[in-house]
Amino acid sequence: QNGPVVGGSWAESARSIDDEDTVAAPVISRLSTSKESVEAHGRRVPHILAKQMHILEETAYNKLLTGLNKEGNLWGDVMVSYEHVKSHVKPSDGSGQGIKYFAGPDAIKLLGKDYIVYGAGNAYDVAFERGMAELGAEVYSFDCTVTARPDWTTFTFYPWCIGTKGDFENNGYSKQANKTDYEFKSLAQIRRELGHKRIDMLKMDIEGFEWELLQTEIINGKDEDLPEQILVEIHAQGANPAYVPKSLTTGKDNRVLNKLFMGLFRRGYRVQNWELNSGDHACAEVSFIRVSNC
């Protein structure tokens with residue numbers, strides 16, 4: 001196979017994300033190459049824009065694929081694969097958290113409480129949760145290392161961590177919590193318990209625990225549990241062990257990062273924005289949007 005084949009399904013297109021020796025270029029787009037236009041909500045996407053989207057997706061995926069077989073810069077193969085006008089929520093000053101970019105602020109205002117936002121990890125910086133609540137969304141915050149504060153009135157807080165239970169390795173957040181028992185729940189479990197039919201947006205600042213969550217609950221998860229947007233800080237090899245358990249990032253080099261991004265790509269997610277953490281270049285804020293059901 002000399003190049004990417006257009007058409008077909010992602011499931012048929014590539015080997016497992018865990019394969020170390022992926023060699024063939026997989027199918028990398030579900031967009032038609034004919035002059036038929038993509039349609040959504042009765043509106044026509046012009047063929048030339050659909051083609052441009054296809055080119056961007058193809059370029060981004062092939063860059064990840066090429067980088068699988070060579071050691072290199074941690075984030076050197078990551079690029080935006082879906083371009084559009086975005087909005088953002090800034091963190092509190094000095095919090096160490098990055099800007100969260102997302103799509104559709106005006107649409108969220110229109111949807112109001114019908115737009116469900118989950119925030120995993122807040123470390124007492126709830127600027128994101130408050131910002132989304134100000135847009136009118138129904139917002140839920142989850143963090144098993146903090147205690148609710150009286151002024152958290154615009155969103156609902158639960159003292160749970162989302163994902164698989166692990167060892168905090170006495171990092172800064174667990175020291176601050178000063179407790180020994182942390183309650184973890186899966187994303188699917190929480191969605192069911194809270195009675196939500198879907199999760200529209202998931203924000204994660206969970207200090208390395210995002211790797212397991214993204215693999216087991218997003219890449220290998222059920223369609224009904226997949227958020228439309230994922231805003232996540234990804235912590236890779238070399239992240240500051242004072243805050244990120246070293247066991248969660250050891251070995252997470254550029255090749256493992258590429259596999260993660262490729263796995264998310266195959267589930268229909270595209271990168272709408274990404275930027276390095278200004279204080280730790282082993283970490284990056286990445287915003288994904290799901291454009292297809294794969």
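A residue is taken here as buried when its relative accessible area is under 20%. By that criterion, the buried residues of helix 7 are Glu210, Trp211, Leu213, Leu214, Gln215, Glu217, Ile218 and Ile219, and helix 7, which spans residues 210-219, is thus described as mostly covered, with 8 of its 10 residues buried. The model examined is a predicted one, and its protein chain contains 9 helices and 13 strands. Of the 294 residues in the protein chain, 51% are buried. When contacts in the protein chain between residues at least 6 apart in sequence are considered, 65% of them join residues at least 24 apart.

Helix 6, formed by residues 187-194, also contributes buried positions, namely Leu187, Ala188, Ile190, Arg191 and Leu194. These residues lie on the same side of helix 6, because the arc that they cover around the axis is only 165 degrees. Just after helix 6, Gly195 adopts a positive phi of about 75 degrees. With its neighbours within four places in sequence left aside, Arg191 is in contact with Tyr118, His196, Lys197, Arg198, Ile199, Glu224 and Asp225.

A second charged residue, Glu129, is located in helix 4, which comprises residues 127-134. Glu129 is buried, its relative accessible area being 0%. Apart from neighbours within four places in sequence, the residues in contact with Glu129 are Gly119, Gly121, Asn122, Val139, Ser141, Phe155 and Lys203.

The structure holds 1 disulfide, in which Cys144 is joined to Cys161 with an S to S distance of 2.0 Å. The link between Cys144 and Cys161 is left-handed, with -85 degrees about the S-S bond. Because Cys144 lies in the loop between strand 6 (138-142) and strand 7 (156-158), whereas Cys161 belongs to strand 8 (residues 161-162), the pair ties together parts that are 17 residues apart in sequence. Both Cys144 and Cys161 are buried. Another cysteine, Cys283, likewise counts as buried, because its relative accessibility is 3%.

The packing of two helices is described by the angle between their axes and the distance between the axes. For helix 2 (residues 47-66) and helix 9 (residues 254-266), the axes come within 9 Å and cross at roughly 145 degrees, and the crossing of helix 2 and helix 9 is left-handed. On the side of helix 2, the contact is made by Glu57, Tyr61, Lys63, Leu64 and Leu65, while helix 9 contributes Asn258, Phe261, Met262, Phe265 and Arg266. Sorted by class, the residues in the contact of helix 2 with helix 9 comprise 6 nonpolar, 1 polar and 3 charged.

Terms used
Residues are numbered from 1 along each chain as its sequence is written. This is a predicted model: local features need pLDDT of at least 70, side-chain atom pairs count only at pLDDT 80 or more; totals for chains, interfaces and linings use all residues. Side-chain values use heavy atoms; hydrogens and water are left out. A disulfide is a pair of cysteine sulfur atoms within 2.5 Å. Helices (H or I, at least four residues) and strands (E, at least two) are DSSP runs, numbered from the N terminus. Buried means under 20% relative accessible area, exposed over 50%, partly exposed in between (1.4 Å probe, protein chains only). Axes are lines fitted to C-alpha atoms, for helices over the stretch in contact, and angles run from 0 to 180 degrees between N-to-C directions. A crossing is left-handed if the near helix is turned anticlockwise from the far one by less than a right angle, and right-handed if clockwise. Contact means heavy atoms within 4.5 Å. The arc is that of the directions from the helix axis to the C-beta atoms.
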